[in-house]
Every structure is written in C-alpha cells, then in structure tokens.
Amino acid sequence: MEDWVYSEVVKEHFMNPKNVLLEDEASWPCDGRGIVGNIKCGDQMLILLRIADDKITDCRWKTYGCASAIASTSILSEAIKGMPIEEAYKLKPQDIVARLGGLPDNKIHCSVLGDKALRAAIDDYLSKNGRPSLAGSETVEVICTCLNITDRDIEDAFKAGARNWEDLQAKTKIGTVCGGCKEKALEKLHEFEHLYG
C-alpha cells in the first residue's frame, strides 16, 4: 500500500468525520438546507444548518465524495458552529484546506463542495425568512491579473457553457494578454464541472 499522502488532520476527519447526518434528513429539523454537486461525477454535498440570532448553532452534512471531500466538510462543520452567518458565507476553500494542513493539488477541488453547500444553506435560511441572499459578499479570487478575471467570472462562463480553454477565452478573454493564468483557470473549470456537471 502506498504511503498516506494526506495530513494527520485529514486522516482524522476522514476516518472519524464529525457532524455526519446519520439519520434520514427529514428527521433532523433545520433552518437552512443546501445541496450542490454532480452525482454523475461522484461528488455531491448536502449541508443542513440550525441557526439562531443569525449564528450557526449546529450543522449536519452528507456527501458522496472522496476522502478529501469528507475531511473538508467534517472540519468545516466544526469550524462554523457559533459563527455568524455573514462570516460563514465568506469562507473560502483555501480556508478549509489550511485548517486541514493542506491537500494534494489534484484534490483541492473537493474542498469547494462544502463552502458552496454552506452558502446555499445560508441563502435557503435567508429566503425562508424573507431576507435577501448574501451572494456577492463572499471574497472572489482573481485568476487573471492582466484582465482582472475572477473565479466568479469563470463560474459564470461555465454556467454559460464554457467547458475548455477556448470556450473560456471566447466568453471572458482570459489569457489573451500573458497566458500565465491558464493552469489555474483550467483547475477552476474542473472544480465547476464537479459542482455543476
């Protein structure tokens, strides 16, 4: 067997995940429900939140995913307890990866499921209470510094049909100045393929 390539924190949260939804989701009353991912890719995430006074008091989750997805969501579910929803909404995959002590580069995309499902659950809570979404308040990552193209721009392009570098360039003009952003942009496309299929 090959050596374990993950940190001890990842191993702990994979082998002993916290706050997993064990019972039928309908029997765990929640204030916000978020589900993201693409079951065809094998990655799908459900997060259920209990919220009081705009603070997350409890969390349950279920995923169809790899060790990285399980560990990422486990540590996320611990981190957000007691956190104001505005702060939780701004959590980024990099924050989760840092708490895990890192992930292999080819597994970073697994950590995006948790933060996206978390935002969907918070938006669900806000919608149920007649309040506007916090969308737009989360931090964006600039992928192409030459043209100031962000991960949100790439996500929008993916939703509009971009599936490869040429499609992405046609929709955003990314990489048409220096091209140094191609690798990172393609990683983002891969992440969004796992999220949306």
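Me: Which residues of helix 4 meet Ala71, Ser72, Ile75, Leu76 and Ala79 in helix 2?
Reply: Happy to start there, keeping in mind that this is a predicted model. Helix 2 covers residues 67-79 and helix 4 covers residues 93-100. The residues of this contact divide into six nonpolar, one polar and one charged. On the helix 4 side, the partners are Ile96, Arg99 and Leu100.

Me: How are helix 2 and helix 4 oriented to each other?
Reply: Their axes come within 10 Å and cross at roughly 95°. Angles of 65 to 115 degrees count as roughly perpendicular. Helix 2 and helix 4 are therefore roughly perpendicular to each other.

Me: Stepping back, in what order do the elements of the protein chain run from the N terminus on?
Reply: The protein chain has eight helices and five strands. Reading from the N terminus, the order is α-β-β-β-α-α-α-α-β-β-α-α-α.

Me: Among contacts between residues at least 6 apart in sequence, what share joins residues at least 24 apart?
Reply: For context, the protein chain has 197 residues, and buried ones make up 45% of them. The chain exposes about 9800 Å², with carbon and sulfur atoms supplying 50% of that area. As for contacts between residues at least 6 apart in sequence, the share that joins residues at least 24 apart is 60%.

Me: Which element gives the largest share of the largest nonpolar core?
Reply: That core holds 47 residues, and Ile47, Leu49, Ile80, Leu118 and Ile174 touch the most other members. The largest share is seven residues, and it comes from helix 5 (residues 112-128).

Me: Let's follow one of those core residues. Which cysteines does Ile174 contact, leaving aside neighbours within four places in sequence?
Reply: The partners of Ile174 include Ile143, Leu147, Ile149, Ile154 and Trp165. Leu168, Gln169 and Ala185 are also among them.

Me: Is Ile154 buried or exposed?
Reply: Ile154 sits in helix 6 (residues 151-159). Not counting residues up to four places away in sequence, Ile154 touches Ile143, Ile149, Leu168, Ile174, Ala185, Lys188, Leu189 and Phe192. Its relative accessible area is 0%, so Ile154 is buried.

Me: How many Å apart in space are Ile154 and Leu168, C-alpha to C-alpha?
Reply: Ile154 and Leu168 touch each other. They are 14 residues apart in sequence, while their C-alpha atoms lie apart by 7.3 Å.

Me: Is Lys188 buried or exposed?
Reply: Lys188 belongs to helix 8 (residues 182-196). Beyond its neighbours within four places in sequence, Lys188 contacts Glu141, Ile143, Asp151 and Ile154. With a relative accessible area of 6%, under the 20% cut-off, Lys188 is buried.

Me: What is phi of Asn19 near?
Reply: Most residues other than glycine have a negative phi. Asn19 lies in the loop between helix 1 (8-15) and strand 1 (32-38) and is buried, with a relative accessible area of 13%. Asn19 has a positive phi without being a glycine, with a value near 65°.

Me: And what relative accessibility does Lys173 have?
Reply: Lys173 is placed in the loop between helix 7 (165-172) and helix 8. Lys173 is not a glycine, although its phi is positive, at about 70°. Lys173 counts as partly exposed, its relative accessibility being 48%.

Terms used
Residues are numbered from 1 along each chain as its sequence is written. This is a predicted model: local features need pLDDT of at least 70, side-chain atom pairs count only at pLDDT 80 or more; totals for chains, interfaces and linings use all residues. Side-chain values use heavy atoms; hydrogens and water are left out. Axes are lines fitted to C-alpha atoms, for helices over the stretch in contact, and angles run from 0 to 180 degrees between N-to-C directions. Helices (H or I, at least four residues) and strands (E, at least two) are DSSP runs, numbered from the N terminus. Angles under 35 degrees count as roughly parallel, over 145 as roughly antiparallel, 65 to 115 as roughly perpendicular and the rest as oblique. Contact means heavy atoms within 4.5 Å. Ala, Val, Leu, Ile, Met, Phe, Trp, Tyr, Cys and Pro count as nonpolar, Asp, Glu, Lys and Arg as charged, and the others, Gly among them, as polar. A nonpolar core is a set of buried Ala, Val, Leu, Ile, Met, Phe, Trp, Tyr and Cys residues joined through side-chain atoms within 4.5 Å. Buried means under 20% relative accessible area, exposed over 50%, partly exposed in between (1.4 Å probe, protein chains only). Accessible areas come from the Shrake-Rupley method with a 1.4 Å probe; for residues, only the protein chains shown count as cover.
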